[in-house]
Amino acid sequence: MANHVTTTIEVVSENNNVYKKLSEWFDGKTWEELSNTMFLYETLFPELGEYDRTEYTDAMGAKWAYVEDVTCDDTYFVMHTTSAWYFIEGGIERMGELLNQIDDDVLIKFTFEDESLDPIGGGAWYKGEMDFDERSYEWPDEDELSPEEYDAAMDGMYEDVYEICEELMDTSVSFLTDK
């Protein structure tokens, strides 16, 4: 079974036209549209045409991907995706390229988490460059812990994973924007 990877993508821009373009792509779409594994691919790569697994994987960076949810208004955009095998590296790069045509200073920052926690990570895209880093995180061993210790370890794990991903994202943002 391919592991599912959850990716959170935030677009940051001072140019409202960026958010207008994102609204064109995502506003008013139904769950059926967003959850179709071709929707994001066709939105970002309309020139590629019908599904070809190799072409899709090469373009998106994942075997398949769909949009879980999107929050978009005149000044804010966050999207959550689920993909197979890896985060949608190529999809983020393409989104950056397309939005960069509207705003030279558009920033895309993201975190990702494989359901196995290998990998987890964060990164950013800015001015034609992508930077990201990833780590592995081990699940607590239920067999070696009491039920109370296991529950505490699980709570701590989720906090740790969130903090690691955010730190990796922030490091990438700083690396790309401080040049």
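Mentor: Helices (H or I, at least four residues) and strands (E, at least two) are DSSP runs, numbered from the N terminus. This is a predicted model, in which local features need pLDDT of at least 70 and side-chain atom pairs count only at pLDDT 80 or more, while totals for chains, interfaces and linings use all residues. Residues are numbered from 1 along each chain as its sequence is written, and side-chain values use heavy atoms, without hydrogens and water.

Trainee: Where does Trp 85 lie, relative to strand E3 and H5? What makes Trp 85 partly exposed?

Mentor: Trp 85 is in the loop that joins strand E3 (77-84) to H5. Its relative accessible area is 43%, and partly exposed covers the range between buried (under 20%) and exposed (over 50%), using a 1.4 Å probe and protein chains only. Trp 85 therefore counts as partly exposed. Its phi is near 85°, a positive value in a residue other than glycine.

Trainee: Why does Leu 117 count as buried?

Mentor: The relative accessibility of Leu 117 is 1%, so the residue counts as buried. Leu 117 belongs to the loop between E4 and E5 and also has a positive phi, near 65°. Pro 119 is found in the loop between strand E4 (107-114) and strand E5 (120-126), and the peptide bond from Asp 118 to Pro 119 is cis, with omega near 15°.

Trainee: Why is H1 called oblique to H5?

Mentor: The axes of helix H1 (residues 16-26) and helix H5 (residues 89-100) come within 10 Å and cross at roughly 130°. Oblique is what remains after roughly parallel (under 35 degrees), roughly antiparallel (over 145) and roughly perpendicular (65 to 115). H1 is therefore oblique to H5. Val 18, Lys 21, Leu 22, Trp 25 and Phe 26 of H1 make the contact (heavy atoms within 4.5 Å) with Met 95, Leu 98 and Leu 99 of H5.

Trainee: Which residues touch the most other members of the largest nonpolar core?

Mentor: A nonpolar core is a set of buried Ala, Val, Leu, Ile, Met, Phe, Trp, Tyr and Cys residues joined through side-chain atoms within 4.5 Å. The largest has 36 residues, and Val 11, Leu 22, Phe 26, Ile 92 and Met 95 touch the most other members. H1 gives this core its largest share, five residues.

Trainee: Which residues are in contact with Met 95, leaving aside its neighbours within four places in sequence?

Mentor: They are Ile 9, Val 11, Trp 25, Phe 26, Leu 44, Met 79 and Ile 108. A second, separate core of seven residues includes Ile 120, Tyr 150, Met 157 and Val 161.

Notes:
Axes are lines fitted to C-alpha atoms, for helices over the stretch in contact, and angles run from 0 to 180 degrees between N-to-C directions.
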